[in-house]
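Dear colleague,

Please find below the structure that I am handing over to you. My notes on what was found in it follow directly after it.

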Amino acid sequence: MSDNLKRINKFLSEVGYCSRREADRLIDAGRVTINGVVPEMGTKIAPTDDVHVDGKLIESTNEDFVYLAFNKPVGIVCTTDTRVEKDNIIDFINYPKRIFPIGRLDKPSEGLILLTDDGDIVNKILRASNNHEKEYIVRVDKPISQTFLLRMSGGIYLEDLEKTTKKCQVKKIDSQTFSIILTQGLNRQIRRMCEYLTFEVETLKRTRIMNIPLDMPVGEYRELTKEEFTELNNLLAASTKTYLDNTNK
């Protein structure tokens with residue numbers, strides 16, 4: 001019997017309801033019940049158990065998973081809790097099937113974000129140790145120097161996070177604009193790095209996630225192509241599934 005048990009957050013992720021992190025939030029808020037009882041974090045369920053979120057029965061489906069690439073506008077928040085934030089990504093896209101974002105872009109940022117109902121792929125992409133590339137174009141409030149580029153690329157100790165950023169690729173585009181490729185996902189990482197060097201980010205746009213480019217107008221989305229999804233799976237083949245927190249830039 002124990003072999004058929006799985007944690008409630010894993011169940012909600014696998015059936016495409018939300019990510020494991022979001023599931024933990026729902027459980028902590030008392031919005032999830034198992035057979036009518038509000039569970040503790042980490043509770044395991046059996047196949048015969050009834051799981052409800054906000055009173056709605058959650059069931060597994062045999063439908064194909066959805067994989068979307070979306071160009072998030074400035075001002076849209078990457079949350080699935082539509083009751084809390086009116087300018088949220090779910091209501092903005094208004095997709096006919098329940099989906100959730102893979103990771104985050106903070107409200108002042110724009111650019112590429114992936115959305116899906118496949119909880120397994122979320123965990124593989126978000127895990128920082130898998131070293132998956134994400135590329136950004138950033139404009140700051142004053143001219144950048146060679147020293148700035150070297151400091152950004154060499155790693156910066158962020159005191160409030162008590163972590164040093166990984167070495168990364170940074171390239172100057174014009175006097176106040178640069179591109180940066182990260183394989184790390186610290187909270188508001190690029191903004192914090194720039195602040196450390198006394199620069200303020202004016203605009204931040206994510207232009208690539210692994211092999212997926214930003215190639216649609218602001219506010220629009222498209223499905224991943226078969227070729228993109230095949231290459232994405234190849235890149236993820238060696239990745240672990242253990243999930244990590246969603247982060248902003």
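Strands β12 and β13 are joined by a hairpin through two residues. In this description, helices (H or I, at least four residues) and strands (E, at least two) are DSSP runs, numbered from the N terminus. β12 covers residues 169-174 and β13 residues 177-182; the two run antiparallel and are joined by five bridges. Two strands are said to pair if DSSP finds at least two bridges between them.

Please note that the model is predicted: local features need pLDDT of at least 70, side-chain atom pairs count only at pLDDT 80 or more, and totals for chains, interfaces and linings use all residues. Residues are numbered from 1 along each chain as its sequence is written, and side-chain values use heavy atoms, with hydrogens and water left out.

Strand β14 and its partners come next. β14 (residues 201-209) pairs with strand β8 (residues 110-116) in the parallel sense, over two bridges; here E110 has K205 as its bridge partner. With strand β9 (residues 134-140), β14 pairs in the antiparallel sense over seven bridges, and Y136 is partnered by R206. β14 also pairs with strand β15 (residues 212-213), in the antiparallel sense over two bridges, where I209 stands opposite I212. β14 and β15 form a hairpin with two residues between them, and M210 in the turn has a positive phi of about 55 degrees.

There is also an open sheet of three strands, in the order β2-β4-β5 and with antiparallel pairing. β2 (32-34) and β5 (56-57) stand at the edges with a single partner strand each, so one side of each has no neighbour in the sheet. Strand β4 (residues 51-53) pairs with β5 in the antiparallel sense over two bridges, and H52 stands opposite L57 in β5.

Turning to the helices, α4 (residues 119-126) packs against α7 (residues 226-236) at an angle of about 60 degrees, with the axes 10 Å apart. Axes are lines fitted to C-alpha atoms, for helices over the stretch in contact, and angles run from 0 to 180 degrees between N-to-C directions. α4 is therefore oblique to α7 (under 35 degrees counts as roughly parallel, over 145 as roughly antiparallel, 65 to 115 as roughly perpendicular and the rest as oblique). In the contact (heavy atoms within 4.5 Å), I121, K124 and I125 of α4 meet F229, L232 and L236 of α7. These residues divide into five nonpolar, no polar and one charged.

F229 also takes part in an aromatic pair. The whole structure holds five such pairs, counted where the ring centres of Phe, Tyr and Trp (its six-membered ring) lie within 6.5 Å. Y67 and F229 form a tilted pair, at 4.5 Å centre to centre and with 35 degrees between the planes (planes under 30 degrees apart count as stacked, over 60 as edge-to-face and the rest as tilted). Y67 lies in strand β6 (residues 67-72) and F229 in helix α7, so the pair ties together parts that are 162 residues apart in sequence.

Yours sincerely

Technical notes: Nonpolar A, V, L, I, M, F, W, Y, C, P; charged D, E, K, R; others polar.
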